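The entries follow the order in which I looked things up.

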Amino acid sequence: MDRNVISKLYHLIIITIIIVIGFGFVHFNVLNAVESSSVSYSYERYVSEKRYDHAKRRLQNHASEIQELMQSMDSEKQTALNELIRHNLEIVSRDDITHQYKLNHARSLVIAVDAIKQSEQPLWLKSKQALDKSLEAVLESGDFSQQKINHLLTHWEMIRPALQISLDTNDFLELDRLFSNLGKETLNIKEDTESVFKYSQLIGIDSPTVQSDPLSFYWIILMVGGIIIVTLSYVAWKKYKGEKKRKQKQPY
């Protein structure tokens with residue numbers, strides 16, 4: 001066989017292998033994300049149905065799937081999510097904990113796991129928009145009762161782990177500080193609420209989490225490029241074979 005043909009076939013095989021590995025890598029990441037979401041959603045469903053023993057077993061048996069998904073995160077964010085998992089396991093079967101408290105933390109886990117997936121429409125963003133509307137409603141009504149403030153703080157605590165995962169560190173720390181001030185009994189409750197609302201409004205859809213995973217994006221580029229190269233190589237090889245046959249048929 002001609003050396004050029006052998007070389008083209010060799011390159012074709014190498015590129016095909018790269019494409020297969022790339023598809024496998026992306027498929028693994030997507031599958032892992034889906035499995036982790038399934039764990040958190042089913043855990044939340046069991047809690048909402050007050051099937052606490054089922055919920056605990058589900059989370060205990062499959063917590064490793066969530067932990068695998070967050071391996072690329074920095075240690076501080078991993079610690080925050082591990083603490084959320086640990087706290088859910090600790091409270092879910094306790095009789096002295098209210099159902100609503102358990103459900104809020106189960107939902108917090110769902111939102112946090114969704115944040116790791118880096119989807120284009122993350123749950124934390126929708127939940128934060130709802131919190132912003134609640135802040136605005138309190139400011140417009142002028143009702144700064146402890147009940148209203150506690151409602152805001154409960155909502156904040158539910159999305160806090162997801163925001164720690166998703167937001168720029170400085171943005172998260174500042175927002176966390178402002179909500180902490182809101183939880184203190186002071187004479188400046190109106191000003192504190194306004195400060196939280198104004199700063200929270202600055203954090204929106206341009207935050208890092210809503211961007212695509214760059215590693216998966218590069219693999220997609222590589223796969224598309226590989227397919228193009230394979231196609232061109234195949235066309236060139238067919239053209240070469242056709243030219244060779246045509247020359248062999250020509251009389252001397």
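Predicted model: local features only at pLDDT ≥ 70, side-chain atom pairs only at ≥ 80, totals over all residues.

Entry 1. I then looked up the geometry: helix α3 spans residues 75-91 and packs against α4 at an angle of about 150 degrees, the two axes lying 10 Å apart. An angle over 145 degrees counts as roughly antiparallel, and α3 and α4 are therefore roughly antiparallel to each other.

Entry 2. I next asked which residues of α3 and α4 meet. From α3 I listed L81, L84, I85, H87, N88 and I91, and from α4 their partners Y101, K102, H105, A106, S108, L109, A112 and I116. Sorted by class, this contact of α3 with α4 has nine nonpolar, four polar and one charged residues.

Entry 3. I turned to α4 (residues 99-116) and α6 (residues 146-166), whose axes come within 8 Å and cross at roughly 20 degrees. That makes α4 roughly parallel to α6. Here the crossing is right-handed. On the α4 side I found N104, R107, S108, I111, A112, A115 and I116, which meet T154, E157, M158, I159, P161, A162, I165 and S166 of α6. The residues of this contact of α4 with α6 divide into nine nonpolar, four polar and two charged.

Entry 4. I looked up α5 (residues 123-141) against α6 and found a packing angle of about 150 degrees with axes 10 Å apart. α5 and α6 are therefore roughly antiparallel to each other. α5 passes α6 in a left-handed crossing. The contact residues of α5 include W124, L131 and V138, and those of α6 include H151, W156 and L163. By class, the contact of α5 with α6 comprises eleven nonpolar, five polar and two charged residues.

Entry 5. The lining of the second largest pocket has six nonpolar, six polar and three charged residues.

Notes: Residues numbered from 1 in each chain as written. Heavy atoms only, no water. Axes fitted to C-alpha atoms, helices over the stretch in contact; angles between N-to-C directions. Helix = DSSP H or I, 4+ residues; strand = E, 2+ residues; numbered from the N terminus. Parallel < 35°, antiparallel > 145°, perpendicular 65-115°, else oblique. Left-handed = near helix turned anticlockwise from the far one by under 90°. Contact = heavy atoms within 4.5 Å. Nonpolar A, V, L, I, M, F, W, Y, C, P; charged D, E, K, R; others polar.
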